[in-house]
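Here are my notes on the model you sent over.

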Amino acid sequence: METDLPSAVATILRRAGRVVVFTGAGMSAESGVPTFRDDLTGLWARFDAEQLATPEAFHADPDLVWGWYEWRRARVRQAEPNPGHLATAEIETLIPGSVVITQNVDDLHERAGSRAPVHLHGSLFAPRCIGAGAHPADVPDTDPEEGGRLPPPRCARCGALVRPGVVWFGEQLPAAALDAAIEAASTCDVLLTVGTSGVVYPAAEIPRIARRCGATVIQVNPEPTPLDRVCAVNLRGTAAQVLPALVEAAR
Ligand code: BV8
C-alpha cells in the first residue's frame, strides 16, 4: 500500500542529525506478536497482561506466569522481523548516531540489524534467578504449541527459582537503560514514536522529554494515543507500511 507522507516529514528526517526511534508492542504486531493490549488467549484468557506481568503473580503462581513467558518467547522465536524493524535498522545506517529505544521484550530489532537497541523493559531472552546473585540462566527452548503451565527451572548456581528477564509492573527499570534513553531523547533532533499506547511510565516520558528538549516528535500509529498532543506529526498507519516509506523519503 502506497503511503502518502506529508512532504515536510521527508525534509525533517533528511535534515536530522540525531534520530531516536522509540518503539512499543505495535512495532512487532505485523510480525505476528500480539500487542500488550490484545486480549490474551488460551490458558491466560481470563487475565489481562498487567495482572500477569507482576512479581506478585509470579510468586502466587510461578508455573502459570513462567508458562506464559515461555509461550511468548517461543512465539517470538517463530516470528520474523517485519519491514518496520528493517526500516528502523536502515535509519541507523542512513543517520549515524541514531538510537533505538524499545519497550518490547522481543529480539526482533536485533534480528533486523539494529546494533544496540535500549531495552527499557528487559528481554524474554535474559532469564535470571531470583537469588541474591540474579544469576543468568540457560533455559532450553520450549515448543510454542504446548502453551500451558510450566514450572520455572532452578538456578544451576544457587538453586533459586529462575524468572523472566523482563521488568514487571511495580519494578524499577534498569538504571543504565533508562539513563541511556533519557540522554538520547534529550539530545535528538527527531524522535519517531512507533506502535505504543504511551500509557506505561516512566517509558511514556521519553517522547515528552524529547519534545521538551526541542526535538520534533513524529508518531506512527493507526490509532490516536495520549502522545498525539506531544507530536508535531501523527502518521495514521502501521509500522510495516509507514517506516519503509519514511526511509525512502529520507534517502
Ligand atoms: C516503575 C515487560 C518505579 C513485561 C512491561 C508514574 C511514574 C512511574 C510509574 C508509574 C506511574 N504511574 C503508574 C506507574 C506504575 C506502572 C505504570 O506505568 N502503570 C500503567 C499501567 C499506568 N509503571 C511501572 O510499574 C514501571 N515501574 O515505574 O518503577 C515504581 C516502583 C514501584 C511503584 C511505583 C513506581 C514498570 C513498567 C514496566 C512494565 N513492563 N513490559 C512484559 O512484557 O510482560 S510494560 C508493557 O506494556 C510493554 O513493555 C509496554 O511497555 C507497555 C505498553 O505497551 P505498548 O508497547 O504501548 O503496547 P500496547 O499494546 O499498550 O499498545 C500497542 C500500540 O500499538 C497501540 O497504540 C496500537 O494502536 C498500536 N499498534 C497496533 N498495531 C500496530 C500499531 N502501531 C503500529 N503498527 C502496527 N501494526
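Predicted model: local features only at pLDDT ≥ 70, side-chain atom pairs only at ≥ 80, totals over all residues.

1. Start with Glu-30: one of its polar side-chain atoms sits 2.9 Å from a nitrogen atom of the ligand. Taken alone, the ligand would expose 1500 Å², and the protein buries 76% of that (areas by the Shrake-Rupley method with a 1.4 Å probe; for residues, only the protein chains shown count as cover).

2. Residues are numbered from 1 along each chain as its sequence is written, and side-chain values use heavy atoms, with hydrogens and water left out.

3. Which residues come nearest to the ligand? Of the 35 around it, they are Arg-37, Tyr-69, Gly-170, Glu-171 and Ser-197 (a residue is near a molecule if one of its heavy atoms lies within 4 Å of it). By class, the shell has 17 nonpolar, 12 polar and 6 charged residues. Here Ala, Val, Leu, Ile, Met, Phe, Trp, Tyr, Cys and Pro count as nonpolar, Asp, Glu, Lys and Arg as charged, and the others, Gly among them, as polar.

4. The shell draws at least three residues from each of domain 1 (1-32 + 81-121 + 172-251) and domain 2 (34-78 + 127-166); the bounds come from an automatic or database domain assignment.

5. Now the core. The largest nonpolar core has 26 residues, and those with the most contacts inside it are Trp-44, Leu-52, Val-65, Trp-68, Tyr-69 and Trp-168. Such a core is a set of buried Ala, Val, Leu, Ile, Met, Phe, Trp, Tyr and Cys residues joined through side-chain atoms within 4.5 Å. At least two residues of this core come from each of α3 (49-52), α4 (55-60), α5 and β5 (162-166), and α5 gives the most, with 7 residues. Helices (H or I, at least four residues) and strands (E, at least two) are DSSP runs, numbered from the N terminus. Note that Tyr-69 is listed both here and among the residues nearest the ligand.

6. Two side-chain pairs deserve a look. Ser-28, found in helix α2, is joined to Asp-106 by a polar contact of 2.6 Å between side chains. A polar contact is a pair of N or O atoms within 3.5 Å; within protein, one must be able to donate a hydrogen and the other to accept it, and residues adjacent in sequence count only if both atoms are side-chain atoms. Asn-82, in the loop between α5 and α6 (83-94), has a polar contact of 3.0 Å with the side chain of Ser-31 through its own side chain.

7. Are Ser-28 and Asn-82 buried or exposed? Ser-28 is buried, with a relative accessible area of 1%, and Asn-82 is buried at 2%. The cut-offs are under 20% for buried, over 50% for exposed and partly exposed in between (1.4 Å probe, protein chains only).

8. Two backbone spots to check. The peptide bond from Tyr-201 to Pro-202 is cis, with omega near -5 degrees; Pro-202 lies in the loop between β6 (190-194) and α9 (205-212). Ala-134, in the loop between β4 (122-129) and β5, has a positive phi of about 45 degrees although it is not a glycine, and is partly exposed at 33% relative accessible area. For context, most residues other than glycine have a negative phi, and most peptide bonds are trans.

9. Finally, His-59 in helix α4 is exposed, with a relative accessible area of 52%.
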